[in-house]
Amino acid sequence: MESRSVAYGASLAGAGFDHVKFIKQPQTVVRFLSWVFAIVVFSSITAEGYVNSTDEAEVRCVFNRNDGACHYGVGIGVIAFLACVGFLLADVILQQISNAQERKYIVMADLAFSGCWTFLWFVCFCLMADQWSKTSDRSGIPTDAVHAVIAFSFFSIASWGALTYFAVVRFRQGVEEVTQSYTDPPPDLSSPYPSTYTPPTYPSFQNTGPDIYQQPPFIPNPNPSGQTSYQPPVY
C-alpha cells in the first residue's frame, strides 16, 4: 500500500529515488519558482536599486531614498535564495533517511521557515509599494527594475505560502502514518490461557490412601438449632 511506502511525504529508504517524479512534483516546482523570484528581487535591487541625483554624488535607494528598504529587500531575497537551495537538497536527502524522527525534524524546519518567509515577503511587498508611492523625484530611476521588485515580492508571497501548505500536508501525513503504524499484537489462540495468566490450584478433597485424610474446607452444621445428640458422661 502507498501509506506503507512513504513517510512524511517521501519514499522510504531503499525504495529507490525517482528523479523524474521528484522534479515534477508540485513542491519541487514551487520551490524552484521561489528560488527564481528571490534572484529577481535582490539582483534588481543590487544592480539598479541605487541611483544618485544631480546634486548629490552619493547613491541612494530608489525607494523614497530609504536605504533601509533596499537593505531589507536584498537581505530577504538572499536568505530566501539560500534557503531554497538548502531545502531542495533536504528534499533529496529525505529520500535516504530511514529514521522517521529525523524526517519529522526536517519537515518541521521547512514548515517553520516557509511560514516565516511568507510573512516577511508580505512585509517586503508592502514596504516597497509604500516607499515607491512616496517617491516624488523619479527622474533617472529605472522603473522597470522597481516594478520587478514589487511584482516578484508579491509573487513570492504566493509561492512561499504554497510551500507552507505543502509542508503542513507532509507533517500531517507523517503524524497520521506514525499513529496508524502501531497495532496491537494478535492474541495467541493456540493457548487456553493468556501468556500472563496462571490458572489457580485448588486442594484435593479425595483420600489418596487409607492413612491420609484431608479435612474439607467447609463443614456444614447438620443441626441448625445448635443441639446435638452428644451427652457428657456421668461421674
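Cys61 and Cys70 form a disulfide, with their sulfur atoms 1.8 Å apart, where a disulfide is a pair of cysteine sulfur atoms within 2.5 Å. The model is predicted, so local features need pLDDT of at least 70 and side-chain atom pairs count only at pLDDT 80 or more, while totals for chains, interfaces and linings use all residues. Residues are numbered from 1 along each chain as its sequence is written, and side-chain values use heavy atoms, with hydrogens and water left out.

**Cysteines**

- The count comes to 1 disulfide, and because the torsion about the S-S bond of Cys61 and Cys70 is about 75 degrees, this disulfide is right-handed.
- Both Cys61 and Cys70 are buried, a term that stands for under 20% relative accessible area, with exposed meaning over 50% and partly exposed in between (1.4 Å probe, protein chains only).
- Cys116 counts as partly exposed, at 37% relative accessibility.
- Cys126 is in no disulfide, the nearest cysteine sulfur being that of Cys124, 9.3 Å away, and at 34% relative accessibility Cys126 counts as partly exposed.

**Salt bridges and a polar contact**

- The structure has 6 salt bridges, each being a side-chain nitrogen of Lys or Arg within 4 Å of a carboxyl oxygen of Asp or Glu.
- Asp91 forms one of them with Arg31, the closest N and O atoms being 3.2 Å apart; Asp91 lies in helix α4 (residues 67-94) and Arg31 in helix α3, so the pair ties together parts that are 60 residues apart in sequence.
- Helices here are DSSP runs (H or I, at least four residues), numbered from the N terminus.
- Asp91 also meets Arg170 in a salt bridge of 3.6 Å, N to O, and since Arg170 lies in helix α6 and Asp91 in helix α4, this pair ties together parts that are 79 residues apart in sequence.
- Arg31 is buried, Asp91 counts as buried at 3% relative accessibility, and Arg170 is likewise buried, at 7%.
- The side chains of Arg170 and Asp110 are joined by a polar contact of 3.3 Å, that is, a pair of N or O atoms within 3.5 Å in which, within protein, one must be able to donate a hydrogen and the other to accept it, and for which residues adjacent in sequence count only if both atoms are side-chain atoms.
- Arg31, Asp91, Asp110 and Arg170 are linked in a network of salt bridges.
- A salt bridge of 3.4 Å, N to O, also connects the side chains of Asp130 and Lys134; Asp130 is partly exposed, with a relative accessible area of 32%, and Lys134 counts as partly exposed at 49% relative accessibility.

**Aromatic rings**

- The structure holds 13 aromatic pairs, in which rings of Phe, Tyr and Trp (its six-membered ring) have centres within 6.5 Å, with planes under 30 degrees apart counting as stacked, over 60 as edge-to-face and the rest as tilted.
- One of these is the tilted pair of Phe37 and Phe155, 5.9 Å centre to centre with 50 degrees between the planes, which links distant parts of the chain, Phe37 in helix α3 (residues 26-48) and Phe155 in helix α6 (residues 143-180), 118 residues apart.
- Phe37 counts as buried at 13% relative accessibility, whereas Phe155 counts as partly exposed at 35%.
- Tyr165 and Phe166 form a tilted pair, 5.8 Å centre to centre with 55 degrees between the planes; Tyr165 counts as exposed at 54% relative accessibility, and Phe166 is partly exposed at 22%.
- Phe37, Phe125, Phe152, Phe154 and Phe155 form one aromatic cluster.

Note on methods:
Helices (H or I, at least four residues) and strands (E, at least two) are DSSP runs, numbered from the N terminus.
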